[in-house]
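Please look at the sequence and the structure first.

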Amino acid sequence: MTPDAELSKRVEKEQKAHPDWMPYFLSQHDDYITLKSRICTHIATNAAGSPEGIATIEVGVDALKVAEYLEPVLKRELGGWPIGLK
C-alpha cells in the first residue's frame, strides 16, 4: 500500500527540505522515474509497440469509457456523487 512507512518518512523529510514543493511530487517521484526510464529506453532501443507496463492512449480512452458508464450507475446506487449529494 502506498505510501508505506518508509516512503512516508522520506516524503516528510523532503517536505521539510522543500516546503514549497507539492507533496504528491515527492510521493510519486520513484514511479515517475520508472515511467520516464521505461519510455526513454523504449525509444532509445527503437522497440516496437508500446513500453511494457505503460498505459497507452487507447487504454486511457477505455478507462474513461468505463468511468462514463459507471457514473450514472454509482449516482443511482449511492444516492449521488460524491456520496450523499443529489
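The questions go from the overall fold to single residues of this predicted model.

Q: What is the radius of gyration of the protein chain, against that of a compact globule of 86 residues?
A: The C-alpha trace spans about 45 × 45 × 25 Å along its principal axes. Buried residues make up 8% of the 86 residues. A compact globule of 86 residues would have a radius of gyration near 12 Å, but the protein chain has 19 Å.

Q: Which residues form a nonpolar patch on the surface?
A: One member, Tyr32, is found in helix 3, residues 29-44. The patch has about 450 Å² of accessible area together, and its residues are Tyr32, Ile33, Leu35, Ile39 and Ile43.

Q: Which residue forms a salt bridge with Arg10?
A: Side chains of opposite charge can pair when their charged atoms come close. In the pair with Arg10, the closest N and O atoms are 2.8 Å apart, which is within the 4 Å cut-off and therefore counts as a salt bridge. The pair links distant parts of the chain, 20 residues apart, with Arg10 in helix 1 (residues 5-17) and its partner in helix 3. That partner is Asp30.

Q: Is Lys75 buried, partly exposed or exposed?
A: Lys75 forms a salt bridge with Glu71, with 3.2 Å between the closest N and O atoms. Both residues lie in helix 4, four residues apart, about one turn of the helix. Lys75 has 36% relative accessibility, between the limits of 20% and 50%, so Lys75 counts as partly exposed.

Q: How far apart in space are Ala63 and Ile43, C-alpha to C-alpha?
A: Ala63 lies in helix 4, residues 57-78, and is partly exposed, with a relative accessible area of 45%. Ile43 belongs to the nonpolar patch on the surface. Ala63 and Ile43 are 20 residues apart in sequence, and in space their C-alpha atoms are separated by 25 Å.

Note on methods:
Residues numbered from 1 in each chain as written. Predicted model: local features only at pLDDT ≥ 70, side-chain atom pairs only at ≥ 80, totals over all residues. Heavy atoms only, no water. Patch = residues over 30% accessible without salt bridge, like charges linked within 9 Å, V, L, I, M, F, W, Y side chains within 5 Å. Areas by Shrake-Rupley, 256 points an atom, 1.4 Å probe, with all protein chains shown as cover. Salt bridge = Lys/Arg side-chain N within 4 Å of Asp/Glu carboxyl O. Helix = DSSP H or I, 4+ residues; strand = E, 2+ residues; numbered from the N terminus. Buried < 20%, exposed > 50% of the residue type's maximum accessible area, 1.4 Å probe, protein only. Rg over C-alpha atoms; globule rule 2.2 N^0.38 Å.
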